[in-house]
Each structure stands twice: as structure tokens, then as C-alpha cells.
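Subject: Structure handover

Hello,

Please find the structure below. My notes on it follow.

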Amino acid sequence: MAMRAALALARRSLGRTWPNPAVGCVIVRDGEVVARGRTQEGGRPHAEADAIAQAAAAGLSLKGATAYVTLEPCSHHGRTPPCADALVASGVARVVSALEDPDPRVKGRGHERLRAAGIEVAVGDGAAEAVEINAGFLMRVKEGRPLFHLKIASSLDGRIATASGESQWITGPAARQHGHHLRATHDAILVGGETARADDPDLGCRLPGLGQRSPVRLVLDSKARLSPESRLATTARQRPVWLLCTQAAPSAAREALAGQGVEIVEVEAGADGRIDAAAAGRLLGARGLTRVLIEGGGQVAASFLKAGLVDRISSYRAGLLLGGDSRSAVGPLALERLDFAPRFRLVSARRLHGDTLETWRREA
């Protein structure tokens, strides 16, 4: 039960802790929970330090207690002191970790430090859920890129707009509300330049009480054609906007957007002159992002699918048909054989009033 509570705490921090993982910690003594903590905004304090501080503020001793942590306590000095040292100093007798941290700066050293101090260490409780919660962090550590989660709101025949471009609203209020919750659990939202110009979106989280959890907004715009008067550009000083462009983007366009507070990030172009999806993934990983939600449009979805970078799909489907002359959720993939098609495994399906939400995971 204590590890389940720690995992729930970790989920609450998703989207707020990058470049650090989202971790939960619950400390139990004599069968009672005496402290809880989770990684705070910006990645500090860490979950263990947060829990220890709460116990200290309440005047509670942790001597002989058991700490349940969803990821191995860190063992290196970064922006915060090592959590393994903090746990040793706190007097806990046992630490239960869901996972070993694959970060080369840790990778078993935290557990070793605890054992060297005479603390009993157990690893593996809640591992499967811990892996899913920190799939983005693990992806960045192991592959150098964030986890990419494609969100699609479409008709039954996989269309996201009519031939004229009308798209508001295909899905109903419950699906849109769920989509905003999805935004709040990611570090960044990514759209293509065409979508940004056509829809002039804000890309914030509009759920009550979660406005402050609006993530970094990313625009893939090879020639920096986003208007400096767009909603994204004019709010860039309040909430970060990174515009990813290629060397072909004119300096005047870059300067106009930068003047509004948009951060201009140059990315390698592919053979077609568009932004190379793999290069964008590496760059975003190097900048610390762990979870990126792709929201549109069809060409961006296709480019990340072709590059094998889409790890999750959340598909919101409405009970209407728009036909072959409407706009597809995914652009051309140029597939010659079914064997080459990106494949995903259904994880869950649920109804959201009149719509259906299906969650898919990329096949290994």
C-alpha cells in the first residue's frame, strides 16, 4: 500500500519536474505513514528530501522507519545534495525502491551507499508502474530523446477537419477536458507551423486550477513563418515558446519572433527541407524534455511516425464521418508494404460521453 501511495504521488508530479524524473516517497514507521513527498516543480527538492523535510517540520523522528521510493535515491551532487545521504542521516532502517535509476551518475550507487550505511534495501516493488510513470525520463537517459505521445481527435474515419479546414469541435466537451488533463502531464506540447498559423492556438491547460501547469509550447516551423502577432508569440514571455526552425528561416523572421520572447532553436533539416524529426528529438532530449505531446497536424504526425518516434497514441474518436475529401489525422507515410506500417498495441479503451478514447503503445 505504501508503494502504491508513492506511485500516486509520482504521477502528480508528471509534467513539472523535467529534466528530473517524477518521483514519490512515502515513509512508514510502526505501520503508520509519517511523511510523504514528491519531486517538486523544476525537479527540486527531490521526493525523499521533501518527505524528510515534512517529517522534520512536524517534529517526527524517522529512526527505524521504512522509506518507499519510486526510483533509486540519487547519489551525486547536482542542484541538490544526494538523497541517499539524506536518507542515511534521517535514521531510516530500510529503503524500498521500485527501480534502479539508469542515469550513469546513479545506476546502483544510491543503493550501494544505503547498504554501506547499514540500511536494508529492497528493489522491485511496483516496478512495472514506475517504469510507465517515468517512461519519458528513462527514454531520455537511454536513447537521448523524450517520449513522444501523439494525441488525435478525429472522426470515425480518422479525419481531423473538413475539406475547408473546419475542426472545432469534432469531439465533445468531455474529450476536450481529458485532452487538457493530458497536456498537464507533459513537459511540452508540439504542433507544426501550419497548424499554428491556421488555428492560432494558445496550447495552454484550461482546466480549473491547472492553468499554471501549462507546458512548454513547441512549434515546428522550418522557415519561421509564425506571426509575431499570434497568440503563441504574444504570450511567449508568460509561458515558454520554442520555435524549431531550419537554417533556411530568414533572419528577419527570427528576430521578429525573438523580440516577442519566442526562443528560436535551429534544427537540422531533412532531405525534403523540413525539420528532421530525429534531429528534433535529440535536441529536445539534450534540453532536458522527457515527455512531449504531439497535437498536430497530419504532416507532423507522419514525420514522427516515419522516424519511429511515436511511443504512445491517445485517440479521441467522435461518432461522425467526414469522408475522403476531409483532412487526415496522419499525413502520407509512403508505405509500400503492410510490414512497414508502424504498429501499436491497445492499452485501454473507454467512453467519454459520446466519444471514445483509445490509448495505444508502440510495439517493441
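**The open sheet and its surroundings**

Five strands form an open sheet, ordered 2-1-3-4-5, with mixed pairing. Strand 2 (32-38) and strand 5 are the edge strands, each pairing on one side only. From one strand to the next the twist averages 15°. Two strands count as paired if DSSP finds at least two bridges between them. Helices (H or I, at least four residues) and strands (E, at least two) are DSSP runs, numbered from the N terminus.

This is a predicted model, in which local features need pLDDT of at least 70 and side-chain atom pairs count only at pLDDT 80 or more, while totals for chains, interfaces and linings use all residues. Residues are numbered from 1 along each chain as its sequence is written, and side-chain values use heavy atoms, with hydrogens and water left out.

Strand 4 (residues 94-97) and strand 5 run parallel and are joined by four bridges. Arg94 has Glu120 in strand 5 as its bridge partner. Helix 4 lies across both strand 4 and strand 5, at about 150° to strand 5; axes are lines fitted to C-alpha atoms, for helices over the stretch in contact, and angles run from 0 to 180 degrees between N-to-C directions.

The loop between helix 4 (109-116) and strand 5 (120-123) holds Gly118. Gly118 is exposed, at 64% relative accessible area (exposed is over 50%, buried under 20%, partly exposed in between; 1.4 Å probe, protein chains only). The C-alpha atom of Gly118 is 9.9 Å from that of Val92, 26 residues away along the chain.

**Helix 7**

Helix 7 (residues 173-184) has twelve residues and spans 17 Å from first C-alpha to last, close to the expected 16 Å, where the expected span is 1.5 Å times one less than the number of residues. Its buried residues include Ala174, Gly179, His180 and Leu182. Among the elements covering the buried residues of helix 7 are strand 6 (147-154), strand 8 (188-192) and strand 12 (291-296).

**Arg254**

Arg254 sits in helix 10 (residues 251-258) and counts as buried because its relative accessibility is 18%. A polar atom of the Arg254 side chain lies 3.0 Å from the backbone oxygen of Thr246. The Arg254 side chain also reaches the backbone oxygen of Gln247, at 3.5 Å. Leaving aside neighbours within four places in sequence, Arg254 is in contact (heavy atoms within 4.5 Å) with residues including Cys245, Ala249, Ile264 and Glu266.

Regards

Notes. Polar contact = N/O pair within 3.5 Å; in protein donor to acceptor, adjacent residues only side chain to side chain.
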